[in-house]
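Student: Could you help me read a model one feature at a time? I would like the general idea each time, and then the case at hand.

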Amino acid sequence: MRIPQFQNNILVVNGVIIVVWLQLCSQVAAVSNPLWILETKNTFCYNPNLGCGPANWPETCHTGRHQSPIDIQAPKVSIYKRWTHFTFNQPYTSSQSTFYARNTGHSFQAQFEEGVTPSSSLTVGGAMLSEDYRFGQLHFHWGSEHTVNGLRYPLELHIVHYNTIKYHSLMDAISAENDPTALAVFAIFFQVGEENPALEPLVRAATRSMEVQDEYTHYSTPINVEHLLPEKLSFVRYSGSLTTPPCTENVVWTVFRHPVTISSRQIKTFQRVRNDDGELYTNYRPTQPVNGRRVETYGVPGLRQLAFVTHNKGGIAIWWDRLVDILSSLLQFTQRQLSSQVAFWRQALENALHMFSSSSISLPFTDLHLLF
Ligand SMILES: [Zn+2]
C-alpha cells in the first residue's frame, strides 16, 4: 500500500516559521469508491451508475461553493505559531466508554448513547476553533474522502463534534444552515500497516454489523476517542460542508496530516459492510472544487512532539518534520523571553522618566512590543 510523504522548507516571516511542503512522492492506496450520518436512509448512494449516485444528490450538493471533501494539494503552507494546541478536556483524554454502534447503510457509526441525538461529556477546543465543541459520533469512509495531491488513503475516520454554545444536540447542529461553525469534524487518514489496537473494538463491532442496517447495538468493550488520533496533531483547516446530502455548509474541517496505521485484516472488515441493497462497497464522495477557500496547514510544536522524536523510527521526511517542530519551539521560547525583557526595560525606563521629568512628557513606546 503506497502512502504520500512530504518534505518541508522553512521561511521565517515576522517571527512565524512558515513551512512550504515540497512533495517528495505521492503514493496512496488505490482504493475504489462511499459516508456519514443523516437519517435519510438510502435516499442517496455512492454508486455513480445509479440514479441515487453523487451526480444526482440534491441542491446544495451542486450549488454550494464550500463543499467537502476536497483534494489537499502540496505545496501548501504550514504555519507554526503559538496557540495552535488543541485543548481536550479530561474525559476526552481519559474516558474509556462503552459504545453503541450501527450500520447506517452509508457507513459504520459509533456513539456513546443510543439514538439520533447523541451527546457526551467529551469536549475539545483550542487550535483556532472558535468555540468548544462536544463529541457527537464517529464513522468511517472506506476510500478516504479527502485526498492528498489527488491520491486516496484506504480509510478515513470522521469524528463529529458540535458547537456546544449554540446547539443543544448534534442533530440541531447538523440541521443548522447559514452557520459555518456549527460542526467541527476531525478527519484521520489510515494507511495499511500494523494492527491498530485502539481501533479493534470498533472493528469487532463492524464485523457484527456488516449485514444488519440501522439497528443500534451496545458494545461493552470501551473505546477511547483520543487514542484514535495521530500521535502528531499537525492539521489542515478549512471551511466546508457535510459530505452527504443535504451537503449543508456548516463544518469546520480539521484534517490531520499524519496517517495512523490499520492492518489489512482490520480494513477488510469495513469494506465488507453492506446496506440493505447489498451495494455499499465504498462510501466516499468525490472531491469538490476549493473555489478560492483558505486551506491552511498548521504544525503543532510542543513537548508532546519533542518527546516523540526519541521514539520515532520513521524516514528522513519524518525526522525533518521533527526538526522543524524543535526549531519552532525554540523560536517561540526566544520570542517569549525577548518580549518579557522588552516589557521589563520599558517599564524601568518609564519609571525613570516619570521620576526625572515633568508629567507632561509622553513617550512613543506603546507599540514597542510589535517588534516581537
Ligand atoms: Zn463522514
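Tutor: We will go through confidence, one serine and a sheet. This is a predicted model, in which local features need pLDDT of at least 70 and side-chain atom pairs count only at pLDDT 80 or more, while totals for chains, interfaces and linings use all residues. Residues are numbered from 1 along each chain as its sequence is written.

Student: What does the chain average in pLDDT?

Tutor: pLDDT is the predictor's confidence in each residue, from 0 to 100. The chain averages 77, and 72% of the residues score at least 70. Over residues 358-372 the pLDDT is below 50.

Student: Is Ser 239 buried, exposed or partly exposed, and why?

Tutor: We count other C-beta atoms, placed from the backbone, within 10 Å of a residue's own: 20 or more is buried, 12 or fewer exposed, in between partly exposed. Ser 239 has 16, so this residue is partly exposed.

Student: Where is Ser 239 found, and what is it in contact with?

Tutor: Strands are DSSP runs (E, at least two residues), numbered from the N terminus. Ser 239 is in strand 15, residues 235-240. Contact means C-beta atoms, placed from the backbone, within 7 Å. Beyond four places in sequence, Ser 239 is in contact with His 66, Pro 180, Val 252 and Arg 293.

Student: Which order do the strands of the open sheet take?

Tutor: Two strands pair if DSSP finds at least two bridges between them. This open sheet of 3 strands runs 3-10-11, with mixed pairing. Strand 3 (71-72) and strand 11 (151-152) each have a single partner strand, so one side of each lacks a neighbour in the sheet. Strands 3 and 10 pair in the parallel sense over 2 bridges, and Asp 71 stands opposite Thr 147 in strand 10.

Terms used. Helix = DSSP H or I, 4+ residues; strand = E, 2+ residues; numbered from the N terminus. Contact = placed C-beta atoms within 7 Å.
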